[in-house]
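I'll start with the whole chain, then move to its sheet.

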Amino acid sequence: MTRVSILSFDPAAVNCGIIVGTDRSLLVDAGPGPAAAAPLVERAGRLGEEIGGSRPRAIELAITHDHWDHFFGAAAAVSAGVTAVYASSSFAADQDATAWIALDGVADGDFPDEYRSSLPTDPGDLIVDVSPVDPTPGDVWHLDLGDCPVEFHVLGGHSTADLVVRLPELGIVFTGDLVEEADAPQAGADASLSEWASSLHTLLSFPEARTFVPGHGVPVDRDFVSRQLADIEGMRVDQGDAEVALPARSMPGDHDRTIPREHRLV
Ligand SMILES: [Zn+2]
C-alpha cells in the first residue's frame, strides 16, 4: 500500500511531498525552515503508522533544488529523524555557499519575525550530509520504497540543477519549481530558459505522467505543463536566457489554497 500527500507551508506556500511505501518513506523538499520540517517528518511517521507494517519505516528526504524555501528545513528534518538526504551533485557541491547567501537574503528580506527567529544564525547549521543522485549519462537513479519505485532525474533550468522525483507506477511527478501554479514561475539569475524548456519536454516525455506536483500551487495536468512550456519557449525566443517575468497560470476549478494544508493524492 502506498500513500502520497502534499503538505504546503508558509512562507512562500511551498509544497513538500510525503511518499510512503511498504518499506520506507520519502519526503520531497524540507520546506522553508524548522517550523515546517518538524511537522512534515511527524506527519510522514504517522502516515506510515496508519498504513501499518512489521516495523517503523525509515524516512528519507530528496531536495529538488537549492532555493531557501525548499531546503532550509533539511537540517531540522535530519534532527527529527530523517536518515538519508538525496540531491543533485550540484546541490552537494554548492550547499555551503548557497546556505550562507540565502540566509543573508532572508535576514534582509520581508519576512515575519516569527519565521526569521525560527532560523539558525549560523548558516552552517542549515547544512546536511547529502547523497548525490546524478545518474551516469543515459541512466536513471532508482530507489524502491517498497512496492513504490522512484526515479530521480537531475534536470535544470529553474536553477542550476533541478531534481525531479518520478513515481512511474502512480503517474505522479514532483517537479520542484520547474513547474509553478498560481504564482509566476520564478526565473532568477540562476535560471536558463533554454534548459528549462528542455526539462519540461523531458517531463512531458514520461508517458504515464498525469499529475505534476509543482513547487508552489496545486497539482497540475499535462495541459498545464504544456502551457508553461509554451510560455517559456515564447520568452526564450524574445529574450534568450535573460531574467524574465513569466506569466502566472492557475489550474481551472475550485481548489483549497489555505496554508498550511494537506492534499492527499494517493
Ligand atoms: Zn520555490
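Predicted model: local features only at pLDDT ≥ 70, side-chain atom pairs only at ≥ 80, totals over all residues.

Before counting anything, I need to settle one word: a residue is buried if 20 or more other C-beta atoms lie within 10 Å of its own. With that cut-off, I get 47% of the 266 residues in the protein chain as buried.

Overall build. I looked up the secondary structure and found seven helices and 12 strands in the protein chain. The radius of gyration is 17 Å, close to the 18 Å from the globule rule for 266 residues, so I can call the chain as compact as a globular protein of that length. Its C-alpha trace spans about 55 × 45 × 40 Å along the principal axes. I also checked contacts with a separation of 6 or more: 68% of them come from residues 24 or more positions apart.

The sheet. In what order do the seven strands of the open sheet run? I read E6-E5-E4-E3-E2-E1-E12, and the pairing is mixed. Strands E6 (131–132) and E12 (261–264) are at the edges with a single partner strand each, so one side of each has no neighbour in the sheet.

A closer look at one pair. E4 (residues 58–62) and E5 (residues 84–87) run parallel, and I find three bridges joining them. Which residue of E5 is the bridge partner of Glu60? It's Ala84.

Last entry, a helix. H1 (residues 34–51) lies across E1 (3–9), E2 (14–20), E3 (24–28) and E4. I noted its angle to E2 as about 25°.

Definitions and conventions:
Residues numbered from 1 in each chain as written. Pairing = 2+ DSSP bridges. Helix = DSSP H or I, 4+ residues; strand = E, 2+ residues; numbered from the N terminus. Contact = placed C-beta atoms within 7 Å. Axes fitted to C-alpha atoms, helices over the stretch in contact; angles between N-to-C directions. Rg over C-alpha atoms; globule rule 2.2 N^0.38 Å. Buried ≥ 20, exposed ≤ 12 C-beta atoms within 10 Å, placed from the backbone.
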